[in-house]
Amino acid sequence: MLKGKKILIGVTGGISAYKIPLLIRLLKKEGAEVQVVITKAAADFVTPLTLSTLSQNPVYSDFFLKSDGTWISHIDLGRWADIILIAPVTATTLGKMAHGIADNLLVATYLAARCPVLFAPAMDMDMFLHPSTQANIARLKEYGHFYIEPETGYLASGLTGPGRLKEPADLFDVIIKFINKPKDFQGLKVLVTAGPTLEPIDPVRFIGNRSSGRMGYAIADEIAGRGAVVDLVSGPVNVAAGHHEIHVHRVETASEMFDKTIALSGSADIIIMAAAVADYTPADYSPQKIKKEGGNLSLNLKKTRDILMELGKNKRNNQTLIGFALETDDGTENAGKKLAEKNLDFIVLNSLTDKGAGFESSTNKITILRKNGEALRFELKDKKEVARDIADNAIIFHKKRLT
Ligand code: CTP
């Protein structure tokens, strides 16, 4: 399965480093070539002898003079690898990677590498949840690296929470899936929208909705990972894009999202409108903070322009247009109406009545309704897997249209 694949593993000084020898065995069994770079602290948790015996290669932790008098350098290692996995990554190494502090061979190799990088942080729960750690993870995701989320469970500190490195077999699965990911979006430009829009009432207040942006960002990550160049028009959210081929355009209001999306739509092969755009915005913005005077206050709202409707009107023959529908009742019927009215190729229906589906959850349950009346119903899944289902259907539809 991995014959001829060159995998460089970076190990840092965390207790879960003991899982890496088992991972190396699995990778070697499948025919991969494995080299290992460790930090000095990693050697306190797993011996270089074990790592070198299993990888059948020398293990490096410092810039090294070879027997022929040449240096083994970070450039050599970085160029050699098809992929780099850094696991476990401590909070210290995360910080160094995020800020380019190359004071050891591992971080220097990481900075010099041109291949995809996967990183798997593992540490105590409170360290993991600290804003500094989270900000470094977000930054590495923005560099386009693939984040392997730690699991929640019993930790070496005795606490229970997030921070555990995945088991060797699960890390192995992640690598296999990553390497075998199809590149079926290669050469395509995809426009994705995500998150809520916020409609200002006065300088301090707004009307918003509960969209987290996770679904749209997961779609952008999936599609960029499969070779597309992605423009992501995003409302205000707390998630980060996870691929260097995602160009994020930040907007706040429905009107700004309209302008940016329409401007980018001309060159897009596929458009996926996952944003929860406000349907109404205050008719009059008050430049001063509205004071609490008298009795009740009524807000006069006016309709926003429907971005998807506009995109549908101007859709090219070789452009695929996908919308979302969030319904609380009569889901299929309402989504079917939107599909027809907005001239879409398919619509993704989320029903708020399904437990675990919708806005603030990490899972979603969707139905894809096609123009020909067909309905594909999916199980409740993690939003990353839902993104894969949506991408699979988008590419099948788009390629069919072009033949
Ligand atoms: N949408 C849009 N512009 C708007 C409102 C919605 O592009 N001003 C898009 C959404 O991004 C989504 C689709 O239209 O892809 C359907 O959104 P939804 O809120 O479910 O439906 P609406 O058409 O707004 O109708 P309603 O709120 O009455 O259900």
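1. Buried means under 20% relative accessible area, exposed over 50%, and partly exposed in between (1.4 Å probe, protein chains only). The model is predicted: local features need pLDDT of at least 70, side-chain atom pairs count only at pLDDT 80 or more, and totals for chains, interfaces and linings use all residues. Residues are numbered from 1 along each chain as its sequence is written, and side-chain values use heavy atoms, with hydrogens and water left out.

2. Two aromatic pairs are found in the whole structure (ring centres of Phe, Tyr and Trp, the last by its six-membered ring, within 6.5 Å; planes under 30 degrees apart stacked, over 60 edge-to-face, the rest tilted). Phe119 and Tyr147 form a tilted pair, at 5.4 Å centre to centre and 35 degrees between the planes. Phe119 is buried at 0% relative accessible area, and Tyr147 is buried at 12%.

3. Phe146 and Phe178 form an edge-to-face pair, 5.3 Å centre to centre with 65 degrees between the planes. Phe146 is partly exposed, with a relative accessible area of 31%.

4. Val386 is buried, with a relative accessible area of 1%. Residues up to four places away in sequence aside, Val386 touches Met215, Asn364, Ile366 and Lys381 (contact: heavy atoms within 4.5 Å).
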